[in-house]
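Here are my notes on this chain. Please read them with the model open beside you.

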Amino acid sequence: MNVVTEIKALKMSRSRRRVPRWAGLWVCIAAAVLITGCKKRDAVTPTVGIDSPERTWVRVLLFGNLREWTLETPAGFTAEGIGNGEVVDFSDSTALHMELTDGRIRVGEHLLSSQVLLVPNDPYYFVLNGEGFRGNLKLLMNDDGESVMAVNYVPLESYLLGVIGAEMHSYWEPEALKAQAVAARTYCLSIQHRFGAGRDWDIARTQANQMYSGLSAENSRVRQAVLDTTGQILIGPDANGNEWVFPAYYSSSCGGHTEESRYVFGDDLVPLPGVACPWCESVARHRDFFWEPVFYSMDQVSERLMMRYASLQRLERITDVDVIREGAAGRITQVRLTGANGRTSTLRGEDFRLSLDPTGRRLKSILATMTKSQDGLLFENGRGFGHGVGLCQCGAQGQARQGRSYREILSFYYPASRLVTIETSAAP
Ligand SMILES: [Zn+2]
């Protein structure tokens, strides 16, 4: 089974998706202004992929714990209570308050099931608590019985419209935006196939996966990048030489050298060796490329690591940290933690960083020197922003400025990969 067939088979085996038979859709400018306010932005024009095949939709976790919420649609919607089959037409309702009542989701005056699928009418978007998204919305009561998970069912290409502008400045070079589009599309499919089958959603919209801001991130430049690369993904050989859709990681700036995936995420992925990147330094903000020293007291180190990893409590209290492996260009890729009771444990460098600084905004990368002092750890000479694996976004922009194409950019950061096209949507 080749990779494209495999993708299709995997997708077709997924749970039922409600896909309206939409064709030739245009979202009117007035509606776009209604959703996005009066900020100056490009009009939202044809709905890319909204009539695409069912198997090419993705499920994006929008909110994990809603207790009450508001839903607005420009032309109403229908709601189906999953399980009891009740379908209610809300075509006359454009704004509704919703909540969970006694284990069932209340939509207006109707008390439906613990799971509800909402399908907006043309122009097929909804605004949930002030944020606009294309596609459908599924609401599922959590196991606690007190909150609701909101999952956006959206065609892959439409989803990407809300990702590219959230992940990269949309005023950047078109070739950089196109490289970002291919990386984001590939990453999404990889995560979907890896984790989606075991849960009610495929991908989160946080830094843990990739950002997705729906309609507010869209404009004509983003749309062009998605259209110009529609269906294009990267595949590469695994450790056995079989081609697969690998997680096409990317990060803000690599600090001058990207890192091998296995040293950061534990994935032994052939397409992702570290490469020297002279392109990002001139693009990244100076304070993001050369960041200020950061200090953590040993008490902070111990507390934060144990908060993230309960298993470390067997060390009682962390009293010492040693770097035991460095990756390309001096990146800290593994540390050994020593406890007050003499026990030790090891941790990958990126996990160590995100334990100390979950926001990643102070300790911006693990490409730094760590010095131990009596009362803490000092990180100096830090360079780059993010995990540094795969495509370097600032580097992609640097290369695009020099006239390199998105294909050249992608083969630079994912050297053993190749570009293939899969069916993701009908022609818009
Ligand atoms: Zn770089």
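1. Start with Tyr-124. Tyr-124 is buried, because 24 other C-beta atoms lie within 10 Å. Here, buried means 20 or more other C-beta atoms within 10 Å of a residue's own, exposed means 12 or fewer, and partly exposed is in between; C-beta atoms are placed from the backbone. Tyr-124 has a positive phi of about 60°, although it is not a glycine. Look for it in the loop between S8 and S9.

2. A word on the source. This is a predicted model: local features need pLDDT of at least 70, side-chain atom pairs count only at pLDDT 80 or more, and totals for chains, interfaces and linings use all residues. Residues are numbered from 1 along each chain as its sequence is written.

3. Now the overall make-up. The chain has 11 helices and 24 strands. Helices (H or I, at least four residues) and strands (E, at least two) are DSSP runs, numbered from the N terminus. Of the 428 residues, 46% are buried.

4. Stay in the loop for a moment. Pro-123 lies between strand S8 (115–120) and strand S9 (125–128). A cis peptide bond joins Asp-122 and Pro-123, with omega about 20°.

5. Is Asp-102 buried or exposed? Asp-102 counts as exposed, because it has 8 C-beta neighbours inside 10 Å. Asp-102 also has a positive phi, about 50°, and is not a glycine. Its place is the loop between strand S5 (95–101) and strand S6 (104–107).

6. Ile-105 sits in strand S6. It counts as buried, with 24 C-beta neighbours inside 10 Å. Beyond its neighbours within four places in sequence, its contacts include Met-98, Leu-112, Leu-139 and Val-148. Two residues are in contact if their C-beta atoms, placed from the backbone, lie within 7 Å. Ile-105 and Leu-139 are 34 residues apart along the chain, and their C-alpha atoms are separated by 8.1 Å.

7. Next, trace the sheet. 7 strands form an open sheet with mixed pairing, in the order S4-S3-S8-S11-S12-S1-S13. Strand S4 (87–90) and strand S13 (203–204) stand at the edges, each with a single partner strand, so one side of each has no neighbour in the sheet. Two strands pair if DSSP finds at least two bridges between them.

8. Zoom in on one pair. Strand S11 (residues 136–141) and strand S12 (residues 148–155) run antiparallel and are joined by 6 bridges. Leu-140 stands opposite Met-149 in S12.
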